[in-house]
Amino acid sequence: AGAAKTVRLVGGTSASNGRVEILHNGVWGTVCDDSFDVWQATVVCRQLGLGVYGTPYTHGGGSGTIWLDEVYCPSYVTRLEDCSSGGWAVHDCSHSEDVGVSCSNVEGAGAICFLHPFHPPVRLVGGTRLDNGRVEIFNENQWGTVCDDYFGPNEADAVCRQLGYMVGVYYTHGSADINDDVKCPASASRLEDCSFLGWRVNNCGHREDVGVVC
């Protein structure tokens, strides 16, 4: 038998969605939706084996203890209970704010990292595994690609570090807007720390979309 579940989805329309509940001290309780975003939802879905991509929403309707509030999961975390929060049962929420999650393996979800609340998420799309694919970055409510001009080892490493890997190699993967002439210092750990011409400023076609393998 495998390890006992410490997270579950309750009251959804299928096994892959519902209100998030977490087990602590033998008691199931809910999680508040404050600061709970795409990455936290993705951690839940991967922990449950229900998909590689999670979408949060306000489900409500729970009862008993609200165990977690202001949840933040670093990119390397694989279990909701290992994420930071205000503390067990420390919250300013009601059950109307109980968070829910919808899980999927929708093509194009890929690996995703959302650095809440100030940094745009990055994902790898269309690869053969979660650790490779076309690089896309989220800005102004839409995903866009990155041109391969000047994109080299430092830039690939920055993308992979942001997604929780160590290093990366780049290739032309060649949708969306394109960022061009990306240049990262060797120490960069996030793509948005690198310089580039500006959002949507480019001289590329999508045949030049860059991909990485981490």
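1. Cysteine 32 is buried, and cysteine 93 is buried too. This is a predicted model, and the points below concern its disulfides. Cysteine 32 and cysteine 93 are joined by one of them, with an S to S distance of 1.9 Å.

2. Where do cysteine 32 and cysteine 93 sit in the chain? Cysteine 32 is in the loop between strand 3 (27–31) and helix 1 (38–48). Cysteine 93 is in the loop between strand 5 (66–68) and strand 6 (99–104). The two are 61 residues apart, and the pair links distant parts of the chain. The link of cysteine 32 and cysteine 93 is left-handed, with -85 degrees about the S-S bond.

3. In total, the structure holds four disulfides. Another of them joins cysteine 73 to cysteine 83, at 2.0 Å from S to S. Both cysteine 73 and cysteine 83 lie in the loop between strand 5 and strand 6, so the pair ties together parts ten residues apart in sequence. Cysteine 73 is buried, as is cysteine 83.

4. Why is the disulfide of cysteine 73 and cysteine 83 right-handed? The torsion about its S-S bond is about 100 degrees, so the disulfide is right-handed.

5. Cysteine 160 and cysteine 214 form a further disulfide, with S to S 2.0 Å. Here the link is left-handed, with -85 degrees about the S-S bond of cysteine 160 and cysteine 214.

6. Is cysteine 160 buried or exposed? Its relative accessible area is 0%. Buried means under 20%, so cysteine 160 is buried.

Methods: Residues are numbered from 1 along each chain as its sequence is written. This is a predicted model: local features need pLDDT of at least 70, side-chain atom pairs count only at pLDDT 80 or more; totals for chains, interfaces and linings use all residues. Side-chain values use heavy atoms; hydrogens and water are left out. A disulfide is a pair of cysteine sulfur atoms within 2.5 Å. Helices (H or I, at least four residues) and strands (E, at least two) are DSSP runs, numbered from the N terminus. Buried means under 20% relative accessible area, exposed over 50%, partly exposed in between (1.4 Å probe, protein chains only).
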